[in-house]
Amino acid sequence: MAVKRDIKSDLTLEIAGKNVTPDKFLRSVRSFFAIVTEVTAKVAGKRTAVQWNVAVREGSNLVGLDPLPGYNATIVGKIMDAVSSGVSQIEDRAAQPPFFTERAIKSLRDLADVVGTTAEDDTKVRVWVKREPVAVSHKAVAHVAQLLASEHEDYGSVEGRLQTVTERGGFHFVIYQLLWDDSVRCYVPDHLSQKALGSFGQRVEVYGRIKYRKDGRAQSIEADDIVPFPPKEIIPSFRDVRGILRKAS
């Protein structure tokens, strides 16, 4: 395992062990990059707000990320702190950390799943932030499973922007809620598929049976109806309604 003097980047993934296969290494790196990318987007407003340069030491099990020159040091520091505290929190309990999207949480689960659990597989993973290590273990796998598990179902509505359509895991759309930027799977029956496609990229409200996670956030919805919000240009402004309000009083 690495020691502090081996770490040259403030964000570093360490994967160590006698049986680290190429597949394990690639899965670890992809998961690590996904976590940093998602946290960057939440802290700074978009995924490309900070560009990261990859640094791999020759013959090493360390993969570092360094921000390219010119980026706001305060923002970069907040990203690093969010990564460190988020990994530590999910290691400790089943609770969604600040700045961790559902994709970031799932990526941390995938990273933890690389860790060996037998005498034959001694694979260990640590995330170094500002040269301080945070161990990743299978506790994170269990905590993510608890966090994302469905707790109850109820009829209601989900509001957000319909931005993704995919056939992976069954044909469905994905709605991104505006307040938390959470992704909610939206399963659409055949008779609503064209309406859903016509609403792609728009802000919508979807009615149906919702599955909620244990923390109360919507996980998926079986759509009964999709109602697009009107375009901004046809929504009355404050000036448009001011006279109406005066007359009503």
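Contact here means heavy atoms within 4.5 Å.

**View 1. Overview of the predicted chain.** The structure shown is a predicted model. Of the contacts in the chain with a separation of 6 or more, 63% are made by residues 24 or more positions apart. The chain contains six helices and 10 strands. Of its 249 residues, 39% count as buried.

**View 2. The five-stranded open sheet.** The strand order is E2-E3-E1-E4-E5, and the pairing is antiparallel. Strand E2 (52-56) and E5 are at the edges with a single partner strand each, so one side of each has no neighbour in the sheet. On average, and with direction ignored, neighbouring strands of this sheet are turned by 20° against each other. Five bridges hold the antiparallel pair E4 and E5. Within E5, Val134 is the residue opposite Val127. Strands of a sheet pair through backbone hydrogen bonds, either parallel or antiparallel.

**View 3. Helices H1 and H3 against the sheet.** H1 packs on the sheet and touches E1, E2, E3 and E4. The direction of H1 makes about 160° with that of E1. H3 lies across E1, E4 and E5, and runs at about 80° to E5.

**View 4. Helix H1 from end to end.** H1 covers residues 22-44, which is 23 residues. From the first C-alpha to the last, H1 reaches 33 Å, close to the 33 Å expected at 1.5 Å a residue. Gly45 follows H1 and has a positive phi, near 105°. Asp23, in H1, counts as partly exposed because its relative accessibility is 45%. The C-alpha atoms of Asp23 and Val114 are separated by 9.5 Å, although these residues are 91 residues apart along the chain.

**View 5. Ser31 in helix H1.** Ser31 is a residue of H1 and is buried, with a relative accessible area of 7%. The side chain of Ser31 reaches the backbone oxygen of Arg27 at 2.8 Å. With neighbours within four places in sequence left aside, Ser31 is in contact with Ser107, Asp110 and Leu111.

**View 6. Thr12 in strand E1.** Thr12 belongs to E1. Its relative accessibility is 3%, so Thr12 counts as buried. The side chain of Thr12 reaches the backbone oxygen of Ser9 at 2.9 Å. Beyond its neighbours within four places in sequence, Thr12 is in contact with Ile7, Phe32, Leu62, Val63, Gly64, Arg126, Val127 and Trp128.

**View 7. Helix H2 and its N-terminal cap.** H2 (residues 73-92) has 20 residues, which at 1.5 Å a residue should span 28 Å. The end C-alpha atoms of H2 are 29 Å apart, in agreement with that value. At the N-terminal end, Asn72 caps H2 through a side-chain oxygen that lies 2.8 Å from the backbone nitrogen of Thr74. Buried residues of H2 include Val76, Ile79, Met80, Val83, Val87 and Ile90. Gln89 and Glu91 are also among the buried residues of this helix.

**View 8. The nonpolar cores.** The largest nonpolar core has 37 residues, and those with the most contacts inside it are Leu11, Trp52 and Phe100. At least two residues of this core come from each of strand E1 (11-16), H1, strand E3 (62-67), H2, helix H3 (102-112), strand E4 (124-129), strand E5 (132-136) and helix H4 (138-148). H2 gives the largest share of this core, seven residues. Not counting residues up to four places away in sequence, Leu11 touches Phe32, Val36, Trp52, Val63, Gly64, Leu65, Met80, Val83, Trp128 and Val129. A second, separate core has 17 residues, including Phe173, Val184, Ala196 and Ala223.

**View 9. Strand E6 and its partners E7 and E9.** Strand E6 (residues 150-166) and strand E9 (residues 203-213) run antiparallel and are joined by 11 bridges. In E9, Tyr212 is the bridge partner of His152. E6 also pairs with strand E7 (residues 172-176), in the antiparallel sense and over five bridges. The bridge partner of Thr166 in E7 is His172.

Notes: Residues numbered from 1 in each chain as written. Predicted model: local features only at pLDDT ≥ 70, side-chain atom pairs only at ≥ 80, totals over all residues. Heavy atoms only, no water. Helix = DSSP H or I, 4+ residues; strand = E, 2+ residues; numbered from the N terminus. Expected span 1.5 Å × (residues − 1). Buried < 20%, exposed > 50% of the residue type's maximum accessible area, 1.4 Å probe, protein only. Polar contact = N/O pair within 3.5 Å; in protein donor to acceptor, adjacent residues only side chain to side chain. Core = buried A, V, L, I, M, F, W, Y, C linked by side-chain atoms within 4.5 Å. Pairing = 2+ DSSP bridges. Axes fitted to C-alpha atoms, helices over the stretch in contact; angles between N-to-C directions.
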